[in-house]
Amino acid sequence: MSLDSQGTTLTVIDVQEAFRPVIPHFDQIARNVAILVQAARALDVPIAPTEQYPKGLGRTVPEVAEHLPDWMKPTEKMSFSAARADGFDIYGRTQVLVCGIEAHVCVAQTVNDLLERDVEVHVARDAVASRTEENREVGLRKMERAGAVITSVETALFELLGSAESPAFKQVQALVK
């Protein structure tokens, strides 16, 4: 179950300003999400960003948003699962690499809904967070038991590359150094 750049969509769930003061290691999570976004662009992997109630929780944090294409607007949602939000799209792909906030709520519910649709889901462990480490771990365990593949940013990126001969190799390698 390796990721394939031709079959994968990156889903970025709710990496928003209101979470900055309450998520442990928020800056590291945002940095890892930004790496995934930059690599997805280099590999022509579609990106599906979301924002949970942006009026109350704010927009996607600048360190992630600055790497999204100018034309790309996150899907605004009230449902916890991104997969249930109007306008959410994985662009006909059969695999989804998921990152974002919160692991035990919006990330887990999105993962469950995607799995129910027979989508292969990979969750970048070092790019998901919750307000407590306990809830993060509960979310990760539940997603894995449901059938998601728990991975890391670097593992996912090198699977998407597939080879050092990939035209995006040097660009992606520079992101993880």
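Predicted model: local features only at pLDDT ≥ 70, side-chain atom pairs only at ≥ 80, totals over all residues.

Me: Why is Thr8 called buried?
Reply: Buried means under 20% relative accessible area, exposed over 50%, and partly exposed in between (1.4 Å probe, protein chains only). Thr8 has 1% relative accessibility, so the residue counts as buried. Thr8 is placed in strand β1, residues 8-13; strands here are DSSP runs of E with at least two residues, helices are runs of H or I with at least four, and both are numbered from the N terminus.

Me: What makes the link between Thr8 and Gln95 a polar contact?
Reply: The term covers a pair of N or O atoms within 3.5 Å; within protein, one must be able to donate a hydrogen and the other to accept it, and residues adjacent in sequence count only if both atoms are side-chain atoms. The side chains of Thr8 and Gln95 are joined at 2.8 Å.

Me: Which residues is Thr8 in contact with, leaving aside its neighbours within four places in sequence?
Reply: Contact means heavy atoms within 4.5 Å. On that basis Thr8 touches Leu3, Val45, Pro46, Arg93, Gln95, Leu97 and Leu160.

Me: Why is the pair of Phe158 and Phe169 called edge-to-face?
Reply: A pair of aromatic rings is described by the distance of the centres and the angle of the planes. Rings of Phe, Tyr and Trp (its six-membered ring) pair if their centres lie within 6.5 Å; planes under 30 degrees apart count as stacked, over 60 as edge-to-face and the rest as tilted. The whole structure holds one aromatic pair. The ring centres of Phe158 and Phe169 are 6.5 Å apart and the planes stand at 65 degrees, so the pair is edge-to-face. The pair links distant parts of the chain, with Phe158 in helix α6 (residues 153-161) and Phe169 in helix α7 (residues 169-176), 11 residues apart. Phe158 counts as partly exposed because its relative accessibility is 33%, whereas Phe169, at 18%, is buried.

Me: How do you know that Glu51 forms a salt bridge with Arg59?
Reply: A salt bridge is a side-chain nitrogen of Lys or Arg within 4 Å of a carboxyl oxygen of Asp or Glu. The closest N and O atoms of Glu51 and Arg59 are 3.1 Å apart. Glu51 is buried at 2% relative accessibility, and Arg59 is partly exposed at 43%. Arg59 also forms a salt bridge with Glu76, the closest N and O atoms being 3.1 Å apart. Glu76 lies in strand β3 (residues 75-77) and Arg59 in the loop between α2 (54-57) and α3 (62-65), so this pair ties together parts that are 17 residues apart in sequence. The count by this rule comes to 11 salt bridges.

Me: What makes Glu137 and Arg136 count as buried?
Reply: Glu137 has a relative accessible area of 19%, so the residue is buried; Arg136, at 12%, counts as buried as well. Their side chains meet in a salt bridge of 2.9 Å, N to O.

Me: Why are the buried residues of α7 said to line one face of the helix?
Reply: Phe169, Val172 and Leu175 are buried in α7. Seen down the axis, the buried residues fall within an arc of 130 degrees, so they line one face of the helix; the arc is that of the directions from the helix axis to the C-beta atoms. Lys170 and Ala174 are exposed on the other side of α7. The buried residues pack against α1 (26-42) and α6.

Me: Which residues touch the most other members of the largest nonpolar core?
Reply: A nonpolar core is a set of buried Ala, Val, Leu, Ile, Met, Phe, Trp, Tyr and Cys residues joined through side-chain atoms within 4.5 Å. The largest one has 38 residues, and Leu10, Val12, Val33, Leu36 and Val64 touch the most other members. α1 gives the most to this core, with 10 residues.

Methods. Residues numbered from 1 in each chain as written. Heavy atoms only, no water.
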